[in-house]
Amino acid sequence: MQTPSLPSRIDPWRLTAEGGRLEGALALAALPRLVAELNRTDGMASVALVASVDRQGVRFIKGAVRTEVELVCQRCLGPLRLALDVTVSLGLVRSEAEADRLPEEYEPLVVPEGIIHVADLVEDELLLALPRIPRHDDVRDCEANGYRAPDRVEQNQPFATLASLLRDSQRSH
Ligand SMILES: [Zn+2]
């Protein structure tokens, strides 16, 4: 079976009119805005999108973009592997005004005319799927990287202070 190849550029108006597909893989290294957020730049994103026109006449591009990225955990500054499985549901419009009228199920893809780069489209979807503050779900993963939870320190401090106050007051008597 041949790996389907992904075109680098498409005319989304033509693609949706023709009921086309976008299927293939894209190197993460080719997505500079995404790469700026990543700890590692190897890896591929797999793209499986269909383009068509729905019953309401909305031109859409739908499907999924999947990849695995490595970010930097903002708690322990260690590597954080994250699988991204992004559901894509874009409604093609020519202007922001048209975007306001799109049914809720679609995110607007504003393309007045002409071609777009498939990499830009994929990159936008992946950037939106990144967590704003990447962190390991389990704090123990952070502790394995040498992180010490500040809340534990805070919890212990009032008692330490109280203990030293008690000591001081005992001494003064
Ligand atoms: Zn962490």
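Helix α4 buries Val 118, Ala 119, Leu 121, Val 122, Glu 123, Glu 125 and Leu 126. Buried means 20 or more other C-beta atoms within 10 Å of a residue's own, exposed 12 or fewer, and partly exposed in between, with C-beta atoms placed from the backbone. This is a predicted model: local features need pLDDT of at least 70, side-chain atom pairs count only at pLDDT 80 or more, and totals for chains, interfaces and linings use all residues. Residues are numbered from 1 along each chain as its sequence is written.

**Overall make-up**
- The chain has 6 helices and 7 strands. Helices (H or I, at least four residues) and strands (E, at least two) are DSSP runs, numbered from the N terminus.
- Their order from the N terminus is β-α-β-α-β-β-β-α-β-β-α-α-α.
- Of the 173 residues in the chain, 20% are buried.

**Helix α4**
- α4 covers residues 118-129, 12 residues in total.

- β3 (residues 44-53) runs antiparallel to β4, with 9 bridges. Strands pair if DSSP finds at least two bridges between them.
- Ser 52 has Phe 60 in β4 as its bridge partner.
- The β3-β4 hairpin has 5 residues between its strands, and Gly 57 in the turn has a positive phi of about 85°.
- β4 and β5 are also antiparallel, joined by 13 bridges. Val 72 has Pro 79 in β5 as its bridge partner.

**Leu 77**
- Leu 77 sits in the loop between β4 (59-72) and β5 (79-93).
- Its phi is positive, near 65°. Most residues other than glycine have a negative phi.
- Leu 77 is partly exposed because 13 other C-beta atoms lie within 10 Å.

How values were computed
The expected span of a helix is 1.5 Å times one less than its number of residues.
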